[in-house]
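Here is a guided look at one protein model. Keep the sequence and the 3D view open while you read.

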Amino acid sequence: MEEPTETQQSGSTRSYWRWRKKDFFPESSFQNLASYKAALSQTCPRLSDRLLARSSENNETVTLQKVSENPMQKCLNWWDLMWMAFGSVVGSGIFVLTGQEAHEEAGPAIVLSYAISGISALFSVFCYTEFAAEIPVAGGSFSYLRVELGDFVAFIAAGNLLLEATVGAAGLGRSWTSYFASMISSNSDFLLIKVDSLAEGFNLLDPLAVVVLLITNGIAMSGTRRTSWLNLITSILTFMVIVFIIVVGFMHAKTSNLEPFFPNGAKGVFTAAAVVYWSYTGFDMVANMAEETKRPSRDIPIGLVGSMSAITVIYCLMALALVMMVKYNDIDVNAAYSVAFEQIGMKWAKYLVSICALKGMTTSLLVGSLGQARYTTQIARAHMIPPWFALVHPKTGTPIYATMLTTILSAIVAFFTSLDVLSSVLSFTTLFIFMLVAVALLLRRYYVTNLTPKNDLVKFLVCLFVIIGASIGVTALWNSKKKGWVGYSVVTLFWLAGTLGMAFLSKQRFPRVWGVPLVPWLPCLSITMNVFLIGSLGLVAFLRFVICSAIMVVYYLLVGLHATYDMAHQNVEVKIEEGK
């Protein structure tokens, strides 16, 4: 276990605004060039030591928080978390994807697509909630994976997630500009500055996106409570607009528009479900706020599970209202709700829809800024990046340096990179981490170090590999577009055998606070659904993940490994010195 460094011990008497080398690299491996060369020469034994090294709950929730020198303010309750989840999740996706997928794939059965995706998202929410209630730290999935799967897996997952969060924030900033421009002009690019000397895809500069990112991140830096209140007020206004859309939609509904209900059969429903699933992402950013929650054991389950259940119902009602207002093959794929209101003589309502979508993007940026900064903070606390980024400001109670890092990176990307380039970077990592969290939860329930018999561990791993293999199998069958039930029946039997085999194993640990129901069935379903959705992303997303992971492995071997090794063995080194 790590002990507080000199920086931590004297934090109360030192200025927050400091830039010394020791604040960035306090570890012994980076004191000078000779010590760094010595550390590099020990890369292999250090990697062997840290590769599968697991952190402890006490280390994540108590020891590492001392690195920040000042505590984050516990100012959130379940009501705040519910609205933060609403603000983070309910963005422009529901307005863009519903019409597109109803028209192209699912037809009126788009309602079932949203229901399937919502239930699948809830499986991941359940896993996150159990961890967040028992390990209430700012790191979210990084800390959960570090405790159960070890340093290396947690670092690779966290690094990719931070990269995609940066790109995602940049994409939202560019979308904000385009959406705002389309409200006041037929040319959605008229607010961009074209520079012919730059390469295609990077030659349309977007200063407005940078301004939006700076404002939202600036608000997030000013204080968690203030940000929560702003999100609450704007989200309630959005909720009122959504209620208006649903009520007016049903007032002008025609049951005849629901026929045929399955124009493209089950395939259309599931294809659409894989796409609209992205309308549910963002809840993981709320899980990162656990450290600032007053009563995590009560507030997190109510806030996360309650909000995602409500959002699922809202999405289903919005989708049903649209397909009952307009025949599915007459839906405008670019502006489904706006055009639908024009067709019933409420042309003014399209501006209401546009403002609602714009606000959704703004609050997604706002809550995303909070979550990304806290994720970065915990990674810095673990010394995988310089611990300077973990410092919490004594007055605002927020990690200003971590927020500045994510802000600057996303602003630079948003300024230069066009939407079509950003959209090619799909969220492979988000789904991959959802899957890993489900695996980590199963490992948490069935394996305890030095207590679980080796035979039980082997049986558990065999069952887990069978489940993952069956999930890959059904994904491959779906993407191969082969018809017939034989292949699906075989992989389903394997999945059932693996899950049933795991169900007969003895659980080694039970949740102290709040637990996922029906273990191992729900976590196994979460694994399968996330593998299935990963398969829908295509080869480009997979290659990007591999390339980015390779770059992060290089960074880990050169920097992160040695910093974490030094911190993990600090106690041992101190005792050796004292014994001399």
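The tour covers salt bridges and then a surface patch.

This is a predicted model. It holds 18 salt bridges. Take the pair of glutamate 69 and arginine 18. Their side chains meet in a salt bridge at 2.5 Å, N to O. The two partners come from distant parts of the chain, 51 residues apart. Glutamate 69 sits in the loop between helix 5 (57-63) and helix 6 (78-89). Arginine 18 sits in the loop between helix 1 (6-9) and helix 2 (21-24). Arginine 18 counts as buried because its relative accessibility is 7%, and buried means under 20%.

Next, turn to arginine 512 and glutamate 134. Their side chains form a salt bridge at 3.9 Å, N to O. Arginine 512 lies in the loop between helix 22 (486-503) and helix 23 (521-535), and glutamate 134 in helix 8 (residues 110-134), so the pair ties together parts that are 378 residues apart in sequence. Arginine 512 is exposed, at 53% relative accessible area. Glutamate 134 is buried, at 6%.

Arginine 298 and aspartate 299 also pair through their side chains, at 2.8 Å, N to O. Arginine 298 is partly exposed, at 33% relative accessible area. Aspartate 299 is buried, at 0%. Some salt bridges share partners: one network joins Arg54, Glu57, Glu134, Glu148, Arg444 and Arg512.

Now the surface. Which residues form a nonpolar patch there? They are Trp229, Ile233, Ile236, Leu237, Phe239, Met240, Val243, Val247 and Met251, together with about 860 Å² of accessible area. Tryptophan 229 belongs to helix 12 (residues 224-251). Its relative accessible area is 45%, so tryptophan 229 is partly exposed.

Terms used:
Residues numbered from 1 in each chain as written. Predicted model: local features only at pLDDT ≥ 70, side-chain atom pairs only at ≥ 80, totals over all residues. Heavy atoms only, no water. Patch = residues over 30% accessible without salt bridge, like charges linked within 9 Å, V, L, I, M, F, W, Y side chains within 5 Å. Areas by Shrake-Rupley, 256 points an atom, 1.4 Å probe, with all protein chains shown as cover. Salt bridge = Lys/Arg side-chain N within 4 Å of Asp/Glu carboxyl O. Helix = DSSP H or I, 4+ residues; strand = E, 2+ residues; numbered from the N terminus. Buried < 20%, exposed > 50% of the residue type's maximum accessible area, 1.4 Å probe, protein only.
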